[in-house]
Amino acid sequence: MAAIVKIVAFFVLLAHSVKCHSSSSLSAADRISELPGQPRVSFHQYSGYVSVDEKEERALFYYFVEAENDPASKPLVLWLNGGPGCSSLGVGAFSENGPFRPSGNGLVRNEHSWNREANILYLESPIGVGFSYAANSSSYEGVNDKITARDNLVFLQNWFLQFPQYKDRSLYITGESYAGHYIPQLAELMLQFNKKRKEFYLKGIALGNPVLEYATDFNSRAEFFWSHGLISDSTYGMFTSACNYSRYVSEYYRGSLSPICSKVMSLVTTETSKFVDKYDVTLDVCIPSVLSQSKVLAPQQVTESIDVCVEDETLNYLNRKDVQKALHARLIGLNRWLVCSNILDYEPLDLEIPTINIVGRIIQAGIPVLVYSGDQDSVIPLTGTRRLVHRLARLLKLRSTTPYRVWFAGMQVGGWTQVYDNILSFATIRGASHEAPFSQPERSLVLFKAFLEGTPLPQEF
Ligand SMILES: *[C@@H]1O[C@H](CO)[C@@H](O)[C@H](O)[C@H]1NC(C)=O
Ligand SMILES: *[C@@H]1O[C@H](CO)[C@@H](O)[C@H](O)[C@H]1NC(C)=O
């Protein structure tokens with residue numbers, strides 16, 4: 001009985017506090033006063049938890065950075081990393097397009113941060129990723145695309161209660177890799193929801209090196225490896241005829257790996273070598289992180305321009321107690337924050353759900369879509385993505401309004417682009433990895449700005 005009284009009292013108090021305080025104080029508790037080792041900045045940062053299921057105690061962790069200048073006039077952009085199971089905080093915010101990158105004991109500014117153009121919301125999704133959690137660990141089993149999309153939608157609805165000034169703001173959803181599933185699925189849920197009551201002012205989606213149709217995406221890997229010299233002619237032959245990659249993955253996840261697929265993949269793995277980053281075949285690897293998985297030593301040169309060890313530095317930074325305190329983060333049911341979750345048990349066969357047709361429906365609803373590819377990525381190579389986009393344009397009977405051409409960033413070619421009916425765009429980012437804003441920050445920012453403004457990519461310099 002006493003417990004019930006207490007619960008009632010709690011809700012009364014909560015209702016009271018909601019009524020009495022202005023909406024901005026709802027977000028005030030999540031305001032970050034300063035991240036340890038952070039350079040001085042003028043924009044506001046917030047982070048914390050938003051419940052997506054009160055009863056089951058499931059909550060998602062977010063990190064929100066307001067635009068550097070005049071946030072009230074800038075759109076809201078949701079960023080999602082893939083995996084499934086990798087963190088938008090650790091990968092997106094701290095290695096790709098956020099305002100800071102860890103370095104030594106502190107943080108350094110990223111000159112090409114996307115919050116120059118927008119208010120960016122990084123979401124660790126689904127539950128079990130990063131600081132996001134469920135009180136009952138059995139909730140981590142069998143998480144799938146459907147649950148993820150619904151949780152992401154509920155997250156946004158509840159986040160808007162805390163940040164009502166963003167509720168009617170132009171909204172864009174961006175992300176990469178397995179977010180090629182998350183984003184179209186979330187966008188479609190929003191459009192369905194809007195039919196009942198307009199709640200999401202969705203203005204566009206951008207998908208970077210996305211999984212859109214796994215067989216086309218994965219089978220373009222063989223040619224990419226081969227044309228970049230990572231595998232021999234004979235292995236290429238086997239990887240395209242005896243067992244292709246989509247067959248391998250499909251057998252692997254069903255626990256029925258055939259001897260031929262096992263043999264082909266073992267050849268491919270040996271020839272490509274673990275000392276080449278599959279997410280950027282021209283980039284050096286971070287030796288500490290490779291060696292943590294192997295005892296083999298191989299001499300490697302250190303690059304000056306790109307910090308390939310940023311993931312290790314992020315891991316150290318986000319596991320500092322002072323950093324977690326500043327972020328209002330807690331480790332629930334885990335002893336360490338990880339870049340990619342090891343507790344989430346995501347439904348592997350959802351990988352095979354094609355999302356390219358959902359992208360088609362989003363376009364038919366009038367929402368612009370940008371699909372872009374870091375062109376050094378062998379995991380989701382540009383060639384498969386370009387083929388899928390072209391096929392979709394044909395299916396929807398879209399005309400090519402901008403024929404395939406180069407675009408510029410600074411005085412150099414930033415990549416190639418093609419636009420269909422000013423609603424479906426494809427672009428490559430030259431010299432970029434799977435995590436394009438990590439390896440080509442300036443070019444990625446040019447692309448992002450053009451996407452938000454709905455303007456053509458620079459045709460000249
Ligand atoms: C966790 O969830 C499972 C499955 O729904 C349930 O059987 C179990 O009792 C729950 N555990 C706790 C501690 O609530
Ligand atoms: C991959 O292999 C599967 C099964 O053998 C086959 O159905 C499919 O056509 C192949 N795809 C390509 C692109 O070779």
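Analyst: Happy to, and let's begin with Gln-38: leaving aside its neighbours within four places in sequence, Gln-38 is in contact with Phe-100, Gly-106 and Leu-107. Please keep in mind that the model is predicted.

User: Where does Gln-38 sit, and what makes it count as buried, exposed or partly exposed?

Analyst: Gln-38 belongs to the loop between helix H2 (23-28) and strand S1 (45-53). It has 17 other C-beta atoms within 10 Å. A buried residue needs 20 or more, and an exposed one has 12 or fewer, so Gln-38 is partly exposed. Across the sequence, Gln-38 and Val-108 are 70 residues apart, and their C-alpha atoms lie 6.9 Å apart in space.

User: Is Ala-29 buried or exposed, and how do you know?

Analyst: Ala-29 is in the loop between H2 and S1. With 10 other C-beta atoms within 10 Å, Ala-29 falls under the limit of 12 or fewer and is therefore exposed. Its C-alpha atom is separated by 9.0 Å from that of Ser-47, 18 residues away along the chain.

User: What makes Tyr-420 buried or exposed?

Analyst: For Tyr-420 the count is 22 other C-beta atoms within 10 Å. The threshold is 20 or more, so Tyr-420 is buried. Tyr-420 lies in strand S14 and touches Ala-393, Leu-398, Arg-399, Ser-400 and Thr-401, not counting residues up to four places away in sequence. As for Cys-86, 334 residues from Tyr-420 along the chain, the two C-alpha atoms are separated by 32 Å.

User: Why are H6 and H8 called oblique to each other?

Analyst: Helix H6 (residues 214-227) and helix H8 (residues 245-253) pack at an angle of about 120 degrees, and their axes are 7 Å apart. Roughly perpendicular covers 65 to 115 degrees and roughly antiparallel needs over 145, so H6 and H8 are oblique. H6 brings Tyr-214, Ala-215, Phe-218, Asn-219, Arg-221 and Ala-222 to the contact, while H8 brings Tyr-245, Ser-246 and Val-249. Sorted by class, this contact of H6 with H8 has six nonpolar, two polar and one charged residues.

User: Which residues surround ligand 2, and how do they divide by class?

Analyst: Ligand 2 is surrounded by Asn-219, Asn-244, Ser-246 and Arg-247. This shell has no nonpolar, three polar and one charged residues.

User: How many residues are in the largest nonpolar core, and which have the most contacts inside it?

Analyst: That core has 114 residues, and Tyr-62, Leu-121, Ile-205 and Val-369 have the most contacts inside it. Strand S2 (residues 58-65) gives the most to this core, with seven residues. Setting aside residues up to four places away in sequence, Ile-205 touches Tyr-172, Ile-173, Ile-183, Ala-187, Ile-362, Ile-367 and Val-369. In soluble globular proteins, nonpolar side chains tend to be buried together.

User: What makes the backbone at His-328 and Asn-422 worth a look?

Analyst: Most residues other than glycine have a negative phi. Phi of His-328 is near 60 degrees, a positive value in a residue other than glycine. Asn-422, which is not a glycine either, has a positive phi of about 55 degrees. His-328 lies in the loop between helix H12 (321-327) and strand S11 (345-346), and Asn-422 in the loop between strand S14 (412-420) and strand S15 (424-429). With 16 C-beta neighbours inside 10 Å, His-328 counts as partly exposed; Asn-422 has 13 and also counts as partly exposed.

User: Where are Pro-84 and Pro-126, and what is omega at the peptide bond joining Gly-83 and Pro-84 and at that joining Ser-125 and Pro-126?

Analyst: Omega is about -5 degrees in the cis peptide bond between Gly-83 and Pro-84, and about -5 degrees in the cis peptide bond between Ser-125 and Pro-126. Pro-84 is in the loop between strand S3 (76-80) and helix H3 (88-97), and Pro-126 is in the loop between strand S6 (119-124) and strand S7 (133-134).

Notes
Residues numbered from 1 in each chain as written. Chains lettered and ligands numbered in written order. Predicted model: local features only at pLDDT ≥ 70, side-chain atom pairs only at ≥ 80, totals over all residues. Near = placed C-beta within 6 Å. Nonpolar A, V, L, I, M, F, W, Y, C, P; charged D, E, K, R; others polar. Core = buried A, V, L, I, M, F, W, Y, C linked by C-beta atoms within 7 Å. Helix = DSSP H or I, 4+ residues; strand = E, 2+ residues; numbered from the N terminus. Contact = placed C-beta atoms within 7 Å. Axes fitted to C-alpha atoms, helices over the stretch in contact; angles between N-to-C directions. Parallel < 35°, antiparallel > 145°, perpendicular 65-115°, else oblique.
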